[in-house]
Amino acid sequence: MIGKDIIKAANYLREGELVGIPTETVYGLACNALDENAVSKIFKVKNRPTFDPLIVHTDSIEKAQDFVSEFSPTALLLAHHFWAGALTLLLPKKSIIPDLVTSGSPLVAIRIPNHPLTLSLLRQLPFPLAAPSANPFGYISPTTAQHVAAQLGDKIPYILDGGSCNLGLESTIVGFENGMPTIYRKGGISVEGIEKIIGKVQVKTFSSSNPQAPGMLKSHYAPRVPLILGNIDELIPQFADSKIGILSFQKHFAQIPKNQQITLAVSGDLAEAARHLFAAMRQLDELNLDVILAELLPEQDLGRAINDRLRRAASQ
Ligand code: TXA
Ligand code: MG
């Protein structure tokens with residue numbers, strides 16, 4: 001069921017059930033992070049491997065201190081600057097956080113989401129919420145309550161409807177390797193924005209068979225229809241016999257039917273493009289196309305995170 005009832009959402013969560021929750025980045029599939037039984041349901045419902053750990057959501061830095069054994073000065077600086085917001089910090093966990101949440105890692109991923117409904121939900125609860133994005137593993141992240149309902153609606157009792165996500169991209173994940181700030185997943189807060197606060201950071205978002213952060217898995221955020229990245233004008237003739245969908249930044253393509261193409265931001269605004277990206281991929285994925293042709297955006301600010309998602313969507 002979809003609704004705006006925070007009390008109802010809180011009651012299900014207290015009972016150890018899963019609830020879809022809105023955040024400014026994407027919708028989450030939430031449960032009591034301190035209840036291992038509830039957490040195990042998340043992995044089942046998402047069909048997610050248990051080596052892929054979950055982000056813990058809370059509503060204040062004071063509460064975060066209850067779950068984290070050490071908050072370095074740099075981490076605190078970032079938290080003060082970007083929370084509530086699209087920044088996830090990897091910090092040493094306290095034992096109260098179950099190993100299942102962190103997939104056995106001594107580090108917990110933690111953030112304060114910036115959405116009024118979810119913040120007031122968190123304030124009412126005596127526990128933090130573990131929540132991955134509310135999509136089946138590997139598929140596109142949901143940015144509306146309806147996206148969540150379409151795929152997980154029959155598996156969970158409630159979805160809290162907070163409208164469309166303002167940012168539309170997952171949080172930026174920052175950890176500290178021997179003290180060196182490291183970005184493991186590009187996201188809603190840009191590398192440039194983080195460097196303005198703490199100086200140079202290293203970016204390590206490569207993928208491997210044993211990924212440190214599975215947002216790092218090469219194939220992820222992917223539609224079912226193959227997505228090809230390149231110069232769209234050059235690609236179109238190569239797919240002359242195919243039903244083509246187009247995901248472009250600013251431009252329309254006269255050769256392709258209007259309803260088969262989506263422009264992310266005619267104005268060229270990267271925040272607008274980010275907000276539309278996942279919904280656009282879903283919409284194209286529903287059209288029974290043979291192929292989606294897409295192009296990269298400028299490799300700056302949010303464009304870097306958008307391009308990361310496009311590359312992963314294209315990698316199958
Ligand atoms: O914006 C977001 O971060 C959204 C909203 C719901 O908060 N959540 C989200 O969760 O994108 P998920 O599970 O789809 O992606 C979380 C990423 C995964 O790639 C996971 O591997 C990484 O965070 N992660 C979580 N805990 C970790 C840990 N202890 N160590 C390393 N990576 C971790
Ligand atoms: Mg995800």
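The protein is divided into domain 1 (2-203) and domain 2 (227-313), with bounds that come from an automatic or database domain assignment. The model is predicted: local features need pLDDT of at least 70, side-chain atom pairs count only at pLDDT 80 or more, and totals for chains, interfaces and linings use all residues. Residues are numbered from 1 along each chain as its sequence is written, and side-chain values use heavy atoms, with hydrogens and water left out.

**Domain interface**

- Taken over C-alpha atoms, the centres of domain 1 and domain 2 lie 28 Å apart.
- Contact (heavy atoms within 4.5 Å) involves 22 residues of domain 1 and 16 residues of domain 2.
- The two domains bury about 1600 Å² between them, 54% of it on carbon and sulfur atoms; buried area is the accessible area (1.4 Å probe) that two parts lose on being put together, summed over both.
- On the side of domain 1, Ile140, Leu169 and Lys186 lose the most area to domain 2, together 37% of what that side buries.

- Two salt bridges are counted between domain 1 and domain 2, a salt bridge being a side-chain nitrogen of Lys or Arg within 4 Å of a carboxyl oxygen of Asp or Glu.
- Glu192 and Arg304 form a salt bridge through their side chains, at 3.7 Å from N to O.
- Helix H7 (145-152) and helix H8 (191-198) each supply at least two residues of the side of domain 1 that touches domain 2; helices are DSSP runs (H or I, at least four residues), as are strands (E, at least two), numbered from the N terminus.

**Salt bridges in the whole structure**

- The whole structure contains 15 salt bridges.
- Glu24 and Arg111 pair at 3.0 Å, N to O, and link distant parts of the chain, 87 residues apart: Glu24 is in the loop between strand E2 (19-21) and strand E3 (28-32), Arg111 in strand E6 (residues 107-111).
- Arg48 and Asp52 form a salt bridge at 3.0 Å, N to O, and both are buried.
- Glu286 and Arg224 form a salt bridge at 3.6 Å between the closest N and O atoms, and both residues are exposed.
- Glu170, Asp308, Arg309 and Arg312 are joined into one network by salt bridges that share partners.

Note on methods:
Chains are lettered from A and ligands numbered from 1 in the order in which they are written. Buried means under 20% relative accessible area, exposed over 50%, partly exposed in between (1.4 Å probe, protein chains only).
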